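Thanks, everyone. I will go through one model today, starting with the overall layout and then moving to a few details. Please have the sequence and the structure open.

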Amino acid sequence: MTLTFRLCLLFLLAAPAFAADEAARQKATDFAARAAMANMFEVEAAKIELAKGKAEDAKQFAGDMLKDHERAGATLADAAKEDGISLPASLDDEHNKKLEALNQSDQANLDQAYLSTQVAAHQEAVALFHDYSRNGPDGALKRASQKILPDLRMHLTKIQGLTSK
């Protein structure tokens, strides 16, 4: 066989593996970005509630969110680094607008606005982490999603209980 023919054959045999690796990397990158964005949003929303909120149960929940999501953020950052994935350093426009709306809520509605944002945010986060923990490529990010998911589920249960009062 000629060298050219061998190289072409090698490329044809290796192309599906390269494509699969690229698809797995893209899935990991997408998950990491969405997870980091959700986590940063949780932290910043909790800070607003702690600074301006009045309802003790909402403030207690915000304090728990601040602590838990700062820990989750560190876990996510370590996993992303291990998998060679960069995380966004700041919130996107969508999350910034949500924070701005929360920050501009009048005093009478702030606690309820915070709790409402937390229900939606945690529903989305649970779905995201659940999907990735089952269908994501093996690696540190998948292990991190499996580690963080039970806390997110607990947060969702807790926030649903607070909003059903």
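Reading from the N terminus, the order of elements is α-α-α-α-α. That is 5 helices and 0 strands. Keep in mind that this is a predicted model.

Two totals for the protein. It has 165 residues, and 39% of them are buried. If we take contacts between residues at least 6 apart in sequence, 78% join residues that are at least 24 apart.

Next, a helix pair. In general, two packed helices are described by the angle between their axes and the distance between the axes. Here the pair is H2, residues 56–82, and H4; their angle is about 40 degrees and their axes are 10 Å apart. How do H2 and H4 lie to each other?

As for who makes the contact, H2 contributes Ala58, Phe61, Ala62, Met65 and His69, while H4 contributes Asp111, Tyr114, Leu115, Gln118 and His122. By type, the residues in this contact between H2 and H4 are 6 nonpolar, 3 polar and 1 charged.

Staying on H4, which spans residues 107–135, please find serine 133. Is serine 133 buried or exposed? Its relative accessibility is 9%, so serine 133 counts as buried, the cut-off being under 20%. The side chain of serine 133 reaches back to the backbone oxygen of histidine 130, at 2.9 Å. Setting aside residues up to four places away in sequence, serine 133 touches Lys142, Ser145, Gln146 and Leu149.

The last stop is helix H3, residues 93–103, where we find leucine 99. Leucine 99 has a relative accessible area of 10%, and is therefore buried as well. What does leucine 99 contact, beyond its neighbours within four places in sequence? The list is Phe41, Glu44, Ala45, Ile48 and Leu91. There is also a C-alpha separation to note: leucine 99 and glutamate 42 are 57 residues apart along the chain, and their C-alpha atoms are 9.6 Å from each other.

To recap, we have five helices in a row with no strands, an oblique pair in H2 and H4, and two buried residues to look at, serine 133 and leucine 99. I will take questions now.

Conventions: Residues are numbered from 1 along each chain as its sequence is written. This is a predicted model: local features need pLDDT of at least 70, side-chain atom pairs count only at pLDDT 80 or more; totals for chains, interfaces and linings use all residues. Side-chain values use heavy atoms; hydrogens and water are left out. Helices (H or I, at least four residues) and strands (E, at least two) are DSSP runs, numbered from the N terminus. Buried means under 20% relative accessible area, exposed over 50%, partly exposed in between (1.4 Å probe, protein chains only). A polar contact is a pair of N or O atoms within 3.5 Å; within protein, one must be able to donate a hydrogen and the other to accept it, and residues adjacent in sequence count only if both atoms are side-chain atoms. Contact means heavy atoms within 4.5 Å. Axes are lines fitted to C-alpha atoms, for helices over the stretch in contact, and angles run from 0 to 180 degrees between N-to-C directions. Angles under 35 degrees count as roughly parallel, over 145 as roughly antiparallel, 65 to 115 as roughly perpendicular and the rest as oblique. Ala, Val, Leu, Ile, Met, Phe, Trp, Tyr, Cys and Pro count as nonpolar, Asp, Glu, Lys and Arg as charged, and the others, Gly among them, as polar.
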